[in-house]
Structure formats: structure tokens, C-alpha cells
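Here is a walk through one protein model, in short steps. Keep the sequence and the 3D view open as you read.

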Amino acid sequence: MGNTIFSKIIDKEIKADIVFESDKVLAFRDINPQAPVHIIIIPKEEIPRINNFEMTKHSEVLCEMIDAANKLAREMKIDDGFRLVINSGDKGGQTVYHLHIHLLGGRQMNWPPG
Ligand code: AMP
């Protein structure tokens with residue numbers, strides 16, 4: 001199934017530091033962290049990017065991803081301030097074409113992002 005490195009993490013062909021797993025969602029630490037807490041939250045179902053989101057098909061899994069982000073933010077004690085990011089397309093900074101939410105925290109976030 002799937003062609004990206006995240007599919008291999010889902011299939012446990014590649015190791016990752018998994019911090020949350022349910023039937024539909026997986027979360028693991030980013031290999032190249034941009035903040036003290038940097039977690040990648042993905043649907044197990046392959047959705048290449050947010051542009052492919054379909055309300056009738058994907059609402060539940062996207063809500064579960066956001067719920068996981070909130071749970072993890074509480075667990076990691078960054079719920080007083082954190083950032084959720086979805087990059088879409090090359091110009092949006094997306095490098096892995098399997099939909100994911102970045103959960104970043106543990107330092108002051110700045111705006112605008114680069
Ligand atoms: P994006 O640029 O939004 O597509 O984000 C992809 C993220 O996946 C980057 O922050 C990478 O550091 C991260 N990443 C790539 N490969 C791995 C891996 N094997 N394990 C954990 N994180 C990864």
C-alpha cells in the first residue's frame with residue numbers, strides 16, 4: 001500500500017518514534033525536529049495532500065487527527081501554546097505526499113513563518 005515513507009512507517013517497515021496510534025491515525029516524532037516538540041500526525045488511509053480532502057469521506061479521520069493533536073499537546077505539556085501546520089504542494093513546503101499535520105511546540109513561535 002502507498003508509496004511514501006509514511007506508508008512504510010504505517011506498515012512498520014521503517015521504524016519511527018510512535019507517540020499515538022489508533023485504528024485510523026498514527027503520530028510519531030519528526031526525524032528533523034524544528035521545535036522541542038515536533039510530532040507528525042497522519043491518517044493511516046492514504047490521502048496525498050489537503051487538496052484531496054473530501055468532506056463525505058475524510059471528515060472523521062481529520063477530526064481524529066485534530067483530537068490526537070490536542071491530546072498530545074496536553075500530554076507533552078505544550079497546550080498553553082503550540083502550532084498545527086499542514087503544508088500543501090511544493091510551494092507550500094510539502095515534501096512527503098501523505099497528508100500530515102505538524103504539531104510544534106516547546107518554544108516561542110513566530111509569525112509570519114518563512
Ligand atoms: P512536509 O515538508 O510538510 O511534507 O513534512 C514532512 C516532514 O516529515 C518533515 O518535517 C520531515 O522531517 C519528516 N520526516 C521525513 N521522513 C521522516 C521519517 N522517516 N520519520 C519521521 N519524520 C520524517
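The buried residues of α2 (55-75) pack against β1 (18-21), β2 (25-29), β3 (37-43), β4 (82-85) and β5 (101-105). Helices (H or I, at least four residues) and strands (E, at least two) are DSSP runs, numbered from the N terminus. Contact means heavy atoms within 4.5 Å. Buried means under 20% relative accessible area, exposed over 50%, and partly exposed in between, with a 1.4 Å probe and protein chains only. In α2, the buried residues are His58, Val61, Leu62, Met65, Ala68, Ala69, Leu72 and Ala73.

The model is predicted: local features need pLDDT of at least 70, side-chain atom pairs count only at pLDDT 80 or more, and totals for chains, interfaces and linings use all residues. Residues are numbered from 1 along each chain as its sequence is written, and side-chain values use heavy atoms, with hydrogens and water left out.

Stay with α2 for a moment. The expected span of a helix is 1.5 Å times one less than its number of residues. The 21 residues of α2 should therefore span 30 Å, and the end C-alpha atoms are 29 Å apart, which agrees. Arg74 also sits in this helix. Arg74 counts as partly exposed, because its relative accessibility is 48%.

Now look at the nonpolar side chains. In soluble globular proteins, such side chains tend to be buried together. A nonpolar core here is a set of buried Ala, Val, Leu, Ile, Met, Phe, Trp, Tyr and Cys residues joined through side-chain atoms within 4.5 Å. The largest one has 17 residues, and Val25, Ile39, Ile41, Met65, Leu72 and Leu103 touch the most other members. β2, β3, α2 and β5 each give two or more residues to this core. Helix α2 gives the most, with seven residues. Another core, of eight residues, lies apart from this one; Ile10, Leu26, Ile42 and Val96 are among its members.

Ile41 is in strand β3. It counts as buried, because its relative accessibility is 0%. Beyond four places in sequence, the contacts of Ile41 include Val25, Met65, Ala68, Leu72 and Leu103. Ile41 and Val25 are 16 residues apart in sequence, and their C-alpha atoms are 7.2 Å apart. Leu103 touches Val37, Ile39, Ile41, Ala69, Leu72 and Phe82, among others, not counting residues up to four places away in sequence.

Where is His98? It lies in the loop between β4 and β5. His98 counts as buried, because its relative accessible area is 0%. Its contacts, leaving aside neighbours within four places in sequence, include Thr4, Phe6, Ser7, Ile10, Ile42 and Glu46. Ser7 is in helix α1. At 6% relative accessibility, Ser7 is also buried. The C-alpha atoms of Ser7 and Glu46 are separated by 7.8 Å, although the two are 39 residues apart along the chain.

Next comes the empty space. Rolling a probe the size of a water molecule over the atoms shows where empty space is left. A pocket is an open set of points on a 1 Å grid over the protein atoms alone, where a 1.4 Å probe fits, with protein on both sides within 12 Å along at least five of seven lines; lining residues have an atom within 4 Å of a point. The largest pocket holds about 780 Å³ of space. It is lined by 33 residues, and Asp30, Gln34, His38, Asn87 and His102 are the closest to its centre. α1 (5-10), β2, β3, β4 and β5 give two or more residues each to the lining. By class, the lining has 15 nonpolar, twelve polar and six charged residues.

Last, turn to the backbone. Most residues other than glycine have a negative phi, and most peptide bonds are trans. At 69% relative accessibility, Lys77 counts as exposed. Lys12 has a positive phi near 60°. Lys12 is in the loop between α1 and β1. Its relative accessibility is 49%, so Lys12 counts as partly exposed. A cis peptide bond, with omega about 0°, joins Trp111 and Pro112. Pro112 lies in the segment after β5.

Conventions
Points joined across faces, edges and corners; volume = space filled by probe spheres on them. Nonpolar A, V, L, I, M, F, W, Y, C, P; charged D, E, K, R; others polar.
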